[in-house]
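Hi everyone, thanks for coming. Let me put the sequence and structure up, and then we'll walk through a few helices together.

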Amino acid sequence: MRLVVALASGVMFALGLIVSEMVNPAKVLAFLDFSGRWDPTLVLVFLGGLAVAVPGMQWVLRQGRPVLAEKFSLPESSEIDWQLVAGAALFGAGWGLAGFCPGPAVTALGSGVPMVFVFVLAMIAGMAAYKILNRWRQGPIDG
Amino acid sequence: MTIEGFTPLTGFLGGMLIGAAVVLLFWLNGRIAGISGIVAGTIGTQDHDTRWRWLFLTGLVATALLWPLIAGNAVPVVLEAGMVEIVAAGLLVGFGSRLGCGCTSGHGIAGLARFSVRSAVAVATFFAVAVLVATSTGYLASTGAAG
């Protein structure tokens, strides 16, 4: 049942990206690029998302546990460390370069545009690089 | 700065769908729909719990694939950047999202909705940098300074 939910959530997420046109990097860059012609649509997308997610997530958290699993899978850290800021900065730089972030990029694979595959492969490479670097930093003791 | 191409209604509606998808996954499965985390969780891991991630990602791709059949028009994807920029962007987004533990969906929607201060800091940071990078490259391109 959880697998059906995951699929349904993915479908709904993609529909949102397509309807809002956030799946189109040009539309995203039209917001992020403040020079020249400006398209504030992305702000409305976030507002729409938060309009549902804020009351929704707060209500779910009050339930204490998810319906189909024993507990919530939540991030453990609550610290604001250098990794958070540096990671967000690097992420932001990449996002500002091509106008793509993970959700729209993966969804756009379904559009068949070849350069999307290049982006996604590079994104996976970047993720793998982090994983390898992180494991190397931790050393064989924790390995 | 002139306003052009503003589509507030479909933007807001689409955003609501995204928000609903995030709430649905959390309410029923207890999982955060942070796409960078979902993708990363499928890469080279022995964790047996990757099936739900693959199903979610399949939902993303399949919807775009089938969209022309449902809506009668193609999914608009205009990627004008050159190969080098796209590879660099992909590497930065991939590495950065892992180092920073999240992206626009994980921090931007789910994190902010949980009132996470960590996510608020991440969102402020990546938005500021994204605008800086996009605006400078956009400005350089318009003056003909960049290739």
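Predicted model: local features only at pLDDT ≥ 70, side-chain atom pairs only at ≥ 80, totals over all residues.

Here is a quick look at helix packing and the core.

Residues are numbered from 1 along each chain as its sequence is written, chains are lettered from A and ligands numbered from 1 in the order written, and side-chain values use heavy atoms, with hydrogens and water left out.

Okay, helix 1 of chain B. This helix covers residues 8–29, helices being DSSP runs of H or I with at least four residues, numbered from the N terminus. Its buried residues include I18(B), V22(B) and F26(B); buried means under 20% relative accessible area with a 1.4 Å probe, protein chains only. What do they pack against? Helix 1 and helix 3 of chain A, plus helix 3 and helix 5 of chain B. Just after the helix, G30(B) takes a positive phi of about 75°.

Now F13(A). Leaving aside neighbours within four places in sequence, its contacts include I18(B), V22(B) and F56(B), contact meaning heavy atoms within 4.5 Å.

F13(A) also sits in the largest nonpolar core, which has 76 residues. Such a core is a set of buried Ala, Val, Leu, Ile, Met, Phe, Trp, Tyr and Cys residues joined through side-chain atoms within 4.5 Å. F13(A) and F56(B) are among the members touching the most others. The largest share, 8 residues, comes from helix 6 of chain B.

Technical notes
Buried < 20%, exposed > 50% of the residue type's maximum accessible area, 1.4 Å probe, protein only. Helix = DSSP H or I, 4+ residues; strand = E, 2+ residues; numbered from the N terminus. Expected span 1.5 Å × (residues − 1).
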